Amino acid sequence: MTTAPNTTLANATLEAAYAEAAERYRAANPNSAAIDVEAQASMPGGNTRTVLHYHPFPVRFARGEGARLYDVDGHELVDFLGEYTAGLYGHSEPVIRDAIKLAADDGWVLGGPNVLEARFASKLVERFPAIERVRFTNSGTEANMMALVAARAYTGRDKVMVFRGAYHGGVLYFAGSPLNAPFDYVMADYNDPEGAAEIIRREGDRLAAVLVEPMCGSGGCIQGTPGFLGALRSATTETGALLIFDEVMTSRLAPGGLHGDLAITPDLVTLGKYIGGGLSFGAFGGRADILDRFDPRQPGAWPHAGTFNNNVFTMSAGLAGLTQIYTPDTVAPFNAAGDRLRDRLNAAIQARGLPMVVTGRGSMMTAHPGEAAPKAPPEASGRNRRLIDLMHLDLIGAGIYTARRGMVTLSLPMTGADHDRMVGAFEEFLDTRSRVIEQAGA
Ligand SMILES: Cc1ncc(COP(=O)(O)O)c(C=O)c1O
């Protein structure tokens, strides 16, 4: 993958540049290509998780260690995808490994409450100000589904407000997916405080909940302004709709999550990703008077099932991670390093006078074409993202693994040298592809 781009094509049209990059990628990854063909016989397109697919085929990993990934063609990549924020601890953190071993030593599938779940729950309650009580699920999608159905049952109302382009899980993706859970949705625009508040008031006692990420993660690392999030809080308080903050990704950005940092108290909060230590995880929590409706000792208690909700591996790894590694003291310096990296990437763009921008906060960031930072998820605007596909393949060629959509997520085992390598690879992309960047950003 060290072959330099063909300079004639590299600065021709965007489509020509992309075709050339894809050809180079194909030539550098024959084993990944062969396994992909085999996989297609038993899985649709060789895939079981849509977000991991990209053209011409995804790089297939043999193993990971620290912040490094090793693919089946013998390349070492620095992992800047970080399992879409779930990989905070990297691939081989000894504390997590020991916690998994400890759980294994005591046996699993116990079929009853275990000694770890209440300790883990108490750490979440201690940490996140809006969470007075919490329940575990197996994924962020499930956590959001539970929060929505709980809000509908609590309020006795049907409608759910979401934002164009937002992603809240496999059945809650608001960029034209035909597979969404069949709630009665009301759509609004992210970062439009007046518009959203007006819709909330108009829907009045028909609206059960507003589901929002305080920073759109998959939607392009676009921060919700305090004015926007505050307007959602005020309008929902007025109408009695529940405000649900999806902090599946963003809870890593401040010691008490983004809601703690913004001092906005949603009624419900959903969690996921890294909090399970890198194992399957989700949780929903919030106001005691809402969550206590799940108290099975009460007559008419709401049911909430899930065979693996309290599985010992996740409980053990998650507890160890939050108490021994990602403690509140670690959160600020880790995310400050992310702010510095984002500043360096933007400085590299500005030094070259190119129309691109890297948005985000702390350890999560996304590159976008165009001079101006988007205010809402690009999926909502339908803007062409081909330049970002090209950047993705070019960075893989330089040993840097990012999300196809241009998202970069940091992990704890990363070093300053890894950040330098990211900046170097990005600068090379800017220099090699300057002409198509200008075309795409115009
Ligand atoms: C904001 C947000 N909510 C929910 C989810 C769904 O989590 P999971 O993939 O664990 O179902 C994701 C996953 O990317 C997410 O980014």
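**Exercise 1.** How far apart do the C-alpha centres of domain 1 and domain 2 lie?

Solution. The model is predicted, so local features need pLDDT of at least 70 and side-chain atom pairs count only at pLDDT 80 or more, while totals for chains, interfaces and linings use all residues. Residues are numbered from 1 along each chain as its sequence is written.

Step 1. Take the bounds of domain 1 (7-79 + 331-441) and domain 2 (94-325); such bounds come from an automatic or database domain assignment.

Step 2. Between the two C-alpha centres there are 29 Å.

**Exercise 2.** Find which residues and elements of domain 1 touch domain 2.

Solution. Step 1. Two residues are in contact if their C-beta atoms, placed from the backbone, lie within 7 Å. By this test, 20 residues of domain 1 meet 21 residues of domain 2.

Step 1. At least two residues of this side of domain 1 come from each of α12 (328-352), β13 (356-361), β14 (364-369) and α13 (378-381). Helices (H or I, at least four residues) and strands (E, at least two) are DSSP runs, numbered from the N terminus. The most, 4 residues, comes from β14.

Step 2. Sort this side of domain 1 by class: 10 residues are nonpolar, 7 polar and 3 charged. Here Ala, Val, Leu, Ile, Met, Phe, Trp, Tyr, Cys and Pro count as nonpolar, Asp, Glu, Lys and Arg as charged, and the others, Gly among them, as polar.

**Exercise 3.** Describe the shell around the ligand.

Solution. Step 1. A residue is counted as near if its C-beta atom, placed from the backbone, lies within 6 Å of the molecule. This gives 16 residues around the ligand, with Ser139, Gly140, Thr141, Gly169 and Val248 the closest.

Step 1. Helix α6 (residues 140-155) supplies the most, 3 residues.

Step 2. By class, the shell holds 4 nonpolar, 10 polar and 2 charged residues.
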